[in-house]
Amino acid sequence: MKTIFVTLLAFTLLLLSCIKDEKEDVINYIEENDKLPEFTVKSATGEELHSEDLSGNTTLLVFFVTTCGDCKRELPKIDSVWNELKDQPTFRLVTISRGETAEVVNAFWKEQNFTMPFYLDPDKKVFSLFANSTIPRVYLVNRENIVTWMAVEQMDLSAKQLIGKIEQTINSQN
């Protein structure tokens, strides 16, 4: 009986874990001080966003999956950041769902009462420009589309601390 419980617990933790979603080493293709790669994502309504559209803004770029436990822990912080900074004219938030449909993300957003926008990467092509695995991924990008800070799996920051980091980036470029 104990063996069954341990096996079930291990299997459940494996399913909920977002640490590594592949059996290979994690490779970051984009690191701090790198320029964003060129990409295009679509919103649930079909509106396209091109990476070039982010130039001139400080951008928080987030890759997530709605079933990821680590993402579920970090996304409320991101939504708090959005609610605090959404009226800041030089701030952009780009949350990108990796490998999911608009219906799945819309249902999750409604359940969580999130107000932040999201974009879709249903075939994971955009994500593959940044890394081979591991989410959530959070990138702070300056007006020149250069990554100034990144976090993988967990941010180790509160929403307030992340807002401070974003505001510092915005103010350093004025």
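Helices (H or I, at least four residues) and strands (E, at least two) are taken as DSSP runs and numbered from the N terminus. The structure is a predicted model, in which local features need pLDDT of at least 70 and side-chain atom pairs count only at pLDDT 80 or more, whereas totals for chains, interfaces and linings use all residues. Residues are numbered from 1 along each chain as its sequence is written, and side-chain values use heavy atoms, with hydrogens and water left out.

The chain contains four helices and seven strands, and its elements follow the order α-β-β-β-α-β-α-β-β-β-α from the N terminus on. Of its 174 residues, 45% count as buried, where buried means under 20% relative accessible area, exposed means over 50%, and partly exposed lies in between (1.4 Å probe, protein chains only). Among the contacts (heavy atoms within 4.5 Å) with a separation of 6 or more, 72% join residues 24 or more positions apart.

Asn-28 lies in the loop between helix H1 (2–16) and E1. This residue is partly exposed, with a relative accessible area of 27%. Leaving aside residues up to four places away in sequence, Asn-28 touches Phe-130, Ala-131, Arg-137, Met-150 and Val-152. The C-alpha atoms of Asn-28 and Asn-132 are separated by 6.9 Å, although the two residues are 104 residues apart along the chain.

In a regular strand the side chains alternate between the two faces of the sheet. Strand E1 (residues 40–43) has Val-41 and Ser-43 on a covered face and Thr-40 and Lys-42 on an uncovered one. Pairing of two strands requires that DSSP find at least two bridges between them. E1 pairs with strand E2 (residues 48–50) in the antiparallel sense over three bridges, and His-50 in E2 is the bridge partner of Thr-40. Four residues lie between the strands of this hairpin, in which Gly-46 takes a positive phi near 95 degrees. E1 also pairs in the antiparallel sense with strand E5 (residues 119–121), over two bridges; here Ser-43 stands opposite Tyr-119.

The axes of helix H2 (residues 69–85) and helix H4 (residues 159–172) come within 9 Å and cross at roughly 50 degrees. The two helices are therefore oblique to each other, a class left after angles under 35 degrees (roughly parallel), over 145 (roughly antiparallel) and 65 to 115 (roughly perpendicular). Residues of H2 in the contact include Ile-78, Val-81 and Leu-85, and those of H4 include Leu-162, Ile-163 and Ile-166.

Note on methods
Axes fitted to C-alpha atoms, helices over the stretch in contact; angles between N-to-C directions.
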